[in-house]
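Here's a quick briefing to read alongside the model. Have the viewer open and follow along.

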Amino acid sequence: MAEQVVKFYNGNTYPILGLGTWQIKTTEANETVKYAIDVGYRHIDCASIFGNEYEVGLGIAAKIKEGVIKREDIFVTGKLWNTHHQPNLVEFGLKKTLQLINLEYLDLYLMHSPMGFQPGDIAFPKRRDGSIIEDGIDYIDTYRAMEGLVEKGLVKNIGISNFNCQQVERLLSNCTIKPVTNQIECHPYLIEKELSDFCNSKGILITAYCPLCKPGFSANEPNLLEDPKIIAVATKYKKTPAQVVLRYQTQRGHLVIPKSVTESRIQENFNIFDFELSPEDMNTINGMNSNTRVYVIFELCTDTTIHHCLHNRMSNIRKIHLHCLPHPIALNQLVDIPLKDLAGHHYNYMVHRINHGYICLCNCICSLQLNVSKTLLDKFFHKDF
Ligand SMILES: NC(=O)c1ccc[n+]([C@@H]2O[C@H](COP(=O)([O-])OP(=O)(O)OC[C@H]3O[C@@H](n4cnc5c(N)ncnc54)[C@H](OP(=O)(O)O)[C@@H]3O)[C@@H](O)[C@H]2O)c1
């Protein structure tokens, strides 16, 4: 029987497989969570921005009341949303979650992303031109406030989400309590080897979100669960494609949190501990990487915003990551492109993919992640992309 729990660097254990709850409707969350607990799930991945914490909490409470589980048997992850990055709002954000989900503590609390937004009731505050309004708070300050939550006993573990290598490294040089996990998008089309190896070397476990690559998320993208390579491996082990890609994650030592509201799939996704993929099959799956991302963390920003960022806040930044979007064209491989901006500053770009003239640009120091039009990049950097 394969190991069903992981041990964090701090000695705490956590179930390696959890139920994702993003896009579970409030009308379905209670029943889904109850069903998953009956099946055997003991780890539920939640977030304030998912908007269903109350209903998830009802499901957990019902199963505690029925005597199926005790509080200490279930591991609940929550996430601090981007509008609560100001240190004085961090505890407030957590307490709102605890109140909604009806728990006295969380087992794991993550910073949902390194990027803070303007505080307020609007989850995605935007300028009139449609670009996101950031709050200018350094994620280090937010994280330090999260450390205080551990000291107060409000959360058992803390971690991060959507952090890249540079952000993790910078955080590690500035924190007291190391994050236990970095929750990132990860599936065979986006294996994130470098980030996984880096986090692993620091004792931080990866949690793979979107592990099934959200089948059918786009009519123009291949469906991972219909990929002939995955089907071939699944046939060999007499398992389903979903079970193979979930097992793939656990064999990499990653926690994994597939979402489903369908009873048969909730069951199917849980039954991954009775087989083991061979090193050759793990290699085959690793070879499917194409750096294709389902989630582009932040929405399209206008040329005005990128001008603003490049000229002001990012003027002292020397390294920028360009990430891929779905529907990519052209550059399939990582390319390092040293560029100079109009002010003579040098930038090191890592281009993952360029898509229909738009490039997702992630600044790995202050973590702005923006889409930049090709025309603007051409103009700004005097270089033809
Ligand atoms: N930290 C972050 O920024 C972040 C971002 C995104 C997601 N997450 C977390 O990660 C979780 C998982 O990611 P995700 O929900 O985006 O994508 P996912 O788990 O890769 O895919 C979910 C989709 O797959 C379907 N599905 C589930 N099991 C299946 C199976 N065995 N066969 C065929 N289809 C199946 C589900 O349909 P049905 O529900 O209809 O069965 C649903 O449409 C989220 O729920 C959330 O908790 C975190």
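Predicted model: local features only at pLDDT ≥ 70, side-chain atom pairs only at ≥ 80, totals over all residues.

Residue numbers start from 1 along each chain as its sequence is written. The protein chain has 12 helices and 15 strands (DSSP runs numbered from the N terminus: helices are H or I with at least four residues, strands are E with at least two).

**Overall**
- Of the 385 residues in the protein chain, 44% are buried (20 or more other C-beta atoms, placed from the backbone, within 10 Å of a residue's own).
- Take the contacts between residues at least 6 apart in sequence: 73% of them join residues at least 24 apart (a contact means C-beta atoms, placed from the backbone, within 7 Å).

**The sheet**
- An open, parallel sheet is built from 8 strands, in the order S3-S4-S5-S6-S7-S8-S9-S10 (strands pair if DSSP finds at least two bridges between them).
- S3 (19–20) and S10 (255–256) are the edge strands with a single partner each, so one side of each has no neighbour in the sheet.
- S6 (residues 108–111) and S7 (residues 158–161) run parallel and are joined by 3 bridges, and Met111 sits opposite Ile160 in S7.
- Helix H3 (residues 87–101) packs on the sheet, touching S5 (75–80) and S6, and its direction makes about 140° with that of S5 (axes are lines fitted to C-alpha atoms, for helices over the stretch in contact; angles run from 0 to 180 degrees between N-to-C directions).

**Helix packing**
- H1 (residues 26–39) and H2 (residues 53–65) pack at about 35° with axes 7 Å apart.
- By class, the H1–H2 contact has 7 nonpolar, 3 polar and 3 charged residues (Ala, Val, Leu, Ile, Met, Phe, Trp, Tyr, Cys and Pro count as nonpolar, Asp, Glu, Lys and Arg as charged, the others, Gly among them, as polar).
- The axes of H1 and H9 come within 10 Å and cross at roughly 40°.
- Tyr35, Ala36 and Val39 of H1 meet Glu263, Ile266, Gln267 and Phe270 of H9, which splits into 5 nonpolar, 1 polar and 1 charged.

**Around the ligand**
- There are 27 residues around the ligand, and Gly20, Tyr209, Leu212, Ala242 and Lys259 come nearest (near means a C-beta atom, placed from the backbone, within 6 Å).
- The shell has 13 nonpolar, 9 polar and 5 charged residues.
- H9 (residues 263–270) gives the most to the shell, with 3 residues.

Notes. Contact = placed C-beta atoms within 7 Å. Buried ≥ 20, exposed ≤ 12 C-beta atoms within 10 Å, placed from the backbone.
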